[in-house]
Amino acid sequence: MARKPGGRSGSWEWSRTAQTRKSMLQAAREIFSEHGFADANVADVVERAGSSVGSLYHHFGGKTELFLALWEEHQAAHEEAAASSVAAAKQAGVKDPVELFIAGARAFLEGSWQRRDLARLFMDGDGPPGFELMRRTRGREWVRQNAVLLGAANTPTDRLTVSVLTSVIGEAGREVATSETEEEAGEVVDAAIALIRRFGDPLATHADTDTDTDTAG
């Protein structure tokens, strides 16, 4: 009688596979952070992970795929934290789009400190071929998402403002990741939030105008 798929055996196999991937990603994170992408090698990663080269290629395909998997996880963590913070702010009654933007920005910057090894790795420019293009493409999408959150109009002024605010977060993330202490990182976050409030004021102003118009209508 054939054994049915799944059950305890299937769960165990899935758990082992997930743990293997997790171990390899952690090892890759350490090796890439220590040596950079170009100078890192697969043998060091599998030795650190206590695995084999064959297993690494089975799960990821190679060094490039490992690097990109780490980047995707890092980006996903940023996006999840920012979305959760914005949702919590809305739940608390915050309606000002700039303040909602700040809630997401703060979460992003906190993640830049918590995962500062990865933030430093990805901002060094030492990545596989095509990585810079991927990063620029993701950056443009980030600007687009911020424009939606901020309720920006499709005008040159609003487009410029959204780009500036997004750049403030990105550059602050770099400074946070390279800070020597958490206190220093906190000072960078506070300075970035102050800049966002200053540069985001035109957006907040016309958002208030729109609200007044909607109310009047």
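The paragraphs below follow the salt bridges through this predicted model. Because the model is predicted, local features need pLDDT of at least 70 and side-chain atom pairs count only at pLDDT 80 or more, while totals for chains, interfaces and linings use all residues. Residues are numbered from 1 along each chain as its sequence is written, and side-chain values use heavy atoms, with hydrogens and water left out.

Side chains of opposite charge can pair when their charged atoms come close. A search of the whole structure finds 9 salt bridges, each being a side-chain nitrogen of Lys or Arg within 4 Å of a carboxyl oxygen of Asp or Glu. One of them joins Arg-29 to Asp-117, with the closest N and O atoms 2.7 Å apart. Arg-29 lies in helix α1 (residues 7-39) and Asp-117 in helix α6 (residues 116-123), so this pair ties together parts that are 88 residues apart in sequence; helices are DSSP runs (H or I, at least four residues) numbered from the N terminus.

Glu-30 forms a salt bridge with Arg-48, and here the closest N and O atoms are 2.8 Å apart. Since Glu-30 lies in helix α1 and Arg-48 in helix α2 (residues 42-49), the pair ties together parts 18 residues apart in sequence. Glu-30 is partly exposed, with a relative accessible area of 28%, where partly exposed means between buried, under 20%, and exposed, over 50% (1.4 Å probe, protein chains only).

Arg-197 pairs with Glu-99 in a further salt bridge, the closest N and O atoms being 2.9 Å apart. Arg-197 lies in helix α9 (residues 182-199) and Glu-99 in helix α5 (residues 97-114), so parts that are 98 residues apart in sequence are tied together.

Note on methods
Helices (H or I, at least four residues) and strands (E, at least two) are DSSP runs, numbered from the N terminus.
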